[in-house]
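Biologist: I am new to this structure and would like to go through it with you. Could you put it on the screen?

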Amino acid sequence: MIQVDQKNEAVLLPIYGSMVPFHVATIRTVSSQQDTNRNCYIRIIFNVPGTPFNPHDSNTSKFQGAIYLKEVAFRSKDSRHISEVVQQIKTLRRQVMARESERAERATLVTQEKLQLAGNRMKPIKLSDLWIRPAFGGRGRKIPGTLEAHVNGFRYSTTRQDERVDIMFGNIKHAFFQPAEKEMITLLHFHLHNHIMVGNRKTKDVQFYVEVMDVVQTLGGGKRSAYDPDEIEEEQRERDRKNKINMDFQNFVNRVNDHWGQPQFGGLDLEFDQPLRELGFHGVPYKASAFIVPTSTCLVELIETPFLVVTLSEIEIVNLERVGLGQKNFDMTIVFKDFKRDVLRIDSIPSTSLDGIKEWLDTTDIKYYESRLNLNWRQILKTITDDPQSFIDDGGWEFLNLEVSDSDSEKSEESDQGYEPSDVQSESDSEEEASDSESLVESEEDDDQDSEEDSEEEKGKTWEELEREASNADREKGDESDSEEERKRRKMKAFGKRRAGPSRGMPKRAKMR
């Protein structure tokens, strides 16, 4: 019978009549299968060094002649016992893997100073009935906690002993206070320099919040009148609750700001920052649309997870992409001063917010560019980091400037229009020389005739000449449209008139003057 030792985290397998222990960390997968004869099979695959997902470690180099067990399979008539064993092994393995991953994450954390609790001289500044994000792990019921400001940091704790988080003042990079206006929560948010552990999660952003409105479900199902006294009273209670929560948070923030104003915290430059809602815009920083709001030092989104906190002093440039006539949305790409850091893209920003974003960028002295297409920023940053000197020599970010590129293209078009090939010039020169030689050979009479014709053309044609030309043109068109027989008949008639000649009548008598 296969046994699972929960205390020692081992699995006991019967091999040649002896129970051999295997630590659960050595097991890669475990599965069960049942055949038509009601026999149940359990298959256990172990982690073997040298396989693609299990490289060699230090132990394999020590024991080079060791033999490793790759896979075992057992058959049993008791399918119920086999399914229980498989479930126990999977649960134990999951717990061990979670503990090991948490230990590895804690090993990379920066060591924090210890929290100095407030004593008799200073009472801790408290704010109660708060929820925390990210939440503590565990399957139990979530309970609210209390946030306390002590001498050199904050402490959040619940009634459970293992649910406690310490945030040092020296580790806080940005602190935000966002009261509830159109949102459902009032919050305090801390963006940290170094990661800390909240439960079994490693994070740089910790948030404490209170829901200002309770979720209410109407059992009646029908629409209630706007003048219903119960509805009006309920709305008034919600407004009073929201105002009270906002006031409690504001008092806590003011007291903490006064505490941060002491000389020992002068080098930290800490103060609660409040988002400027009138400058906000909608966009998609990750997967879902959110309302992104600037502050005096950051660009934040603190309602939806994952949170967005961008420090303005770390931004190199901002490129507004897909900007053009007829576009309903555009994208914003934020390039950081650390070129090894990936750019941040905020997609699907309404075009109505374009002017407001440009004005905000101008006030914060952040250089921005516009482009009609999305750019491959990973390749661009790789080119810059590979040869930064050539990037500087080529003008830096000016290749993103649409005005410069448009003026260059116009200059190139003008130069193309003014250019004439050498062959064309030689032909034109030869034609001019030929015409000059012909003009030298012409006689003076031709010059006189040309001058007379020019003078006649300058005078213009009479109406009779114009009518004659029109009739001749109509006759020529008729000749083209007529058949061959009609043309022959017309030619014979004209030939007969020429043969007959003028009529030999009496000569006209000269008029006497």
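Biologist: Is Asp-129 buried or exposed?

Modeller: Asp-129 counts as exposed, at 55% relative accessibility. Here buried means under 20% relative accessible area, exposed over 50%, and partly exposed in between, with a 1.4 Å probe and protein chains only. This is a predicted model, in which local features need pLDDT of at least 70, side-chain atom pairs count only at pLDDT 80 or more, and totals for chains, interfaces and linings use all residues. Residues are numbered from 1 along each chain as its sequence is written, and side-chain values use heavy atoms, with hydrogens and water left out.

Biologist: Where does Asp-129 lie?

Modeller: Asp-129 lies in strand β7. Although Asp-129 is not a glycine, its phi is positive, about 60 degrees. Strands (E, at least two residues) and helices (H or I, at least four) are DSSP runs, numbered from the N terminus.

Biologist: Which sheet order includes β7?

Modeller: The order is β10-β9-β8-β7-β13-β12-β11-β14, an open sheet of eight strands with mixed pairing. β10 (164-168) and β14 (272-273) stand at the edges with a single partner strand each, so one side of each has no neighbour in the sheet. Two strands pair if DSSP finds at least two bridges between them.

Biologist: How many bridges join β12 to β13?

Modeller: Ten bridges join them, and the two strands run antiparallel. Within this pair, Thr-186 has Val-210 in β13 as its bridge partner.

Biologist: Which peptide bond is cis at Pro-134?

Modeller: The bond from Arg-133 to Pro-134 is cis, with omega near 0 degrees. Pro-134 is placed in the loop between β7 and β8. A cis bond also joins Thr-305 and Pro-306, and Pro-306 is in the loop between β17 (298-301) and β18 (308-311).

Biologist: Changing topic, which residues of helix α4 are buried?

Modeller: In α4 (residues 354-363), the buried residues are Leu-354, Ile-357, Lys-358, Trp-360 and Leu-361. They cover an arc of only 165 degrees around the axis, which puts them on the same side of α4. The arc is that of the directions from the helix axis to the C-beta atoms.

Biologist: What is exposed on the other side of α4?

Modeller: Asp-355, Glu-359 and Thr-363 are exposed there. Asp-365, which follows α4, has a positive phi near 60 degrees.

Biologist: And the chain overall, how many helices and strands?

Modeller: There are eleven helices and 22 strands. Of the 513 residues, 31% count as buried.
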